[in-house]
2 protein chains.
Amino acid sequence: MTTDGRLARGARTRTAILDAAVALATEAGLDGLSLGQLAETLGVSKSGLFAHWRSKEELQLATIERAREQWSEQVIAPALRVPRGIRRLWALHEARLDFYAAAVLPGGCFFGNAEFEYNARSGPVRDRLAEALTEWIAFVERLGAEAIAAGELEPDVDVRQLAYEFEAFGLNAALRSRLLAPESAYVFARRAVLDRLRALCTDPTLLPEDSR
Amino acid sequence: MTTDGRLARGARTRTAILDAAVALATEAGLDGLSLGQLAETLGVSKSGLFAHWRSKEELQLATIERAREQWSEQVIAPALRVPRGIRRLWALHEARLDFYAAAVLPGGCFFGNAEFEYNARSGPVRDRLAEALTEWIAFVERLGAEAIAAGELEPDVDVRQLAYEFEAFGLNAALRSRLLAPESAYVFARRAVLDRLRALCTDPTLLPEDSR
DNA sequence: ACAAAGAGCACGATCGGTCGGTTTGTTTGT
DNA sequence: ACAAACAAACCGACCGATCGTGCTCTTTGT
């Protein structure tokens, strides 16, 4: 740190900029993200941002990649530390809700917000978001297939349908976290997934109690 | 109509303006709605809009009310023509998906988009959106209670939880209608609700086949 | 004649983006 | 070892476009 409190030279890296961009875009939207506000937050001039990215669109794409990294570290990684099967599926959903509940990003879900924004549009940003969503669904689907292979999920379960339903619950929790009564969105999302897993699994003792 | 193709005087009513506002806001967002674009679409000068509403915020609130009217006419009313019980619940969900699929509003769901936009904000618009969402959830909950009273739904079903889950499926279908593979979002939403109703109802013959 | 609806224009603010110049850290030549 | 050379990082000022909004004047229906 320098004496004036600003970041020292070199510490003002692309990653630091993108972390701030993710936070701002989560609240204001990926398009509503203001380069002026972002620069001001970082204590950097607006034109300085254009030294790293040639246009706002390039910065948006880089912001998406950074948000994916955060998602991998804070949602996917904790779930992968749990043995594969039903419990990993549940851990993934729990990590997701915890990620939303964390006060770091009070605006809900970066990807949910961005996907809503770009649902009816076209261009590279929309394509990247659609690609990320498809990959995410496929990942959850794979965890479901692993649970079947482990004999913890009924073999006739449609894992793609299951992944879609989990996604719906997670998205709804992120979206309505502020609009519905506080926390109730998370409680409903927990119960919905837990009920669904309990109905489809071969050994209910692998799942936690429904106490919450 | 006048000879230049514009709307005749008096036909340029508040309702006509608000219908256009709903359509534009569904695509661009309630905040991204441009008064200039709206005026141009209607063949009206921008300042003419301020004869009806004193500010953009007032117009946004009026737009929300108009969207609620459309929702009542095109989603709620068709369901209420079906006898109360399981079939009405299913009819409501089908009418909702049909409403999304209609090409009139290709931008997805007006309310879903607006709720996403205002999830992390405050003010009268946010409050009105939250109120509308609460009322909607309560309405679906009431249909569930009616189905229990009619003996068509298991009496121990948590109708509030059920309403929440249906909302999650509907929202996800609206959001991802363009991002996921075409139509697949609707197919998943249909199956999810149908499976859920089939598991909880007392007489499965009341529900349609799972052929689709 | 009168009131409402609308047109036209101008305003301040903010947006993404550009340009020229300055600072800084690293590399290279000797 | 030391300074010249270079490229990346960064700043302040500025541009054109668009935004919401207020003002004045004209048109129109009753």
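A salt bridge here is a side-chain nitrogen of Lys or Arg within 4 Å of a carboxyl oxygen of Asp or Glu. This is a predicted model, in which local features need pLDDT of at least 70, side-chain atom pairs count only at pLDDT 80 or more, and totals for chains, interfaces and linings use all residues. Residues are numbered from 1 along each chain as its sequence is written, and side-chain values use heavy atoms, without hydrogens and water.

**Exercise 1. Find the salt-bridge partner of B:Arg191 in chain A.**

Step 1. Start from the interface of chain B and chain A, where the rule finds six salt bridges.
Step 2. Go to B:Arg191: its partner is A:Asp158. The closest N and O atoms are 3.0 Å apart.

**Exercise 2. Work out how chain B is related to chain A.**

Step 1. Superpose the copies by least squares on the C-alpha atoms of residues with pLDDT of at least 70 in both. The RMSD is 0.1 Å.
Step 2. Locate the axis from chain B: B:Ala168 comes closest, at 2.6 Å (C-alpha).

**Exercise 3. Describe the extent of the contact between chain B and chain A.**

Step 1. Count residues with heavy atoms within 4.5 Å: chain B gives 37 and chain A gives 37.
Step 2. Take the buried area, the accessible area (1.4 Å probe) lost on putting the two parts together, summed over both. The value is about 3800 Å², with 59% from carbon and sulfur atoms.
Step 3. Name the chain B residues that lose the most area to chain A: B:Phe116, B:Tyr164 and B:Leu179. Together they make up 20% of what that side buries.

Definitions and conventions:
Chains lettered and ligands numbered in written order.
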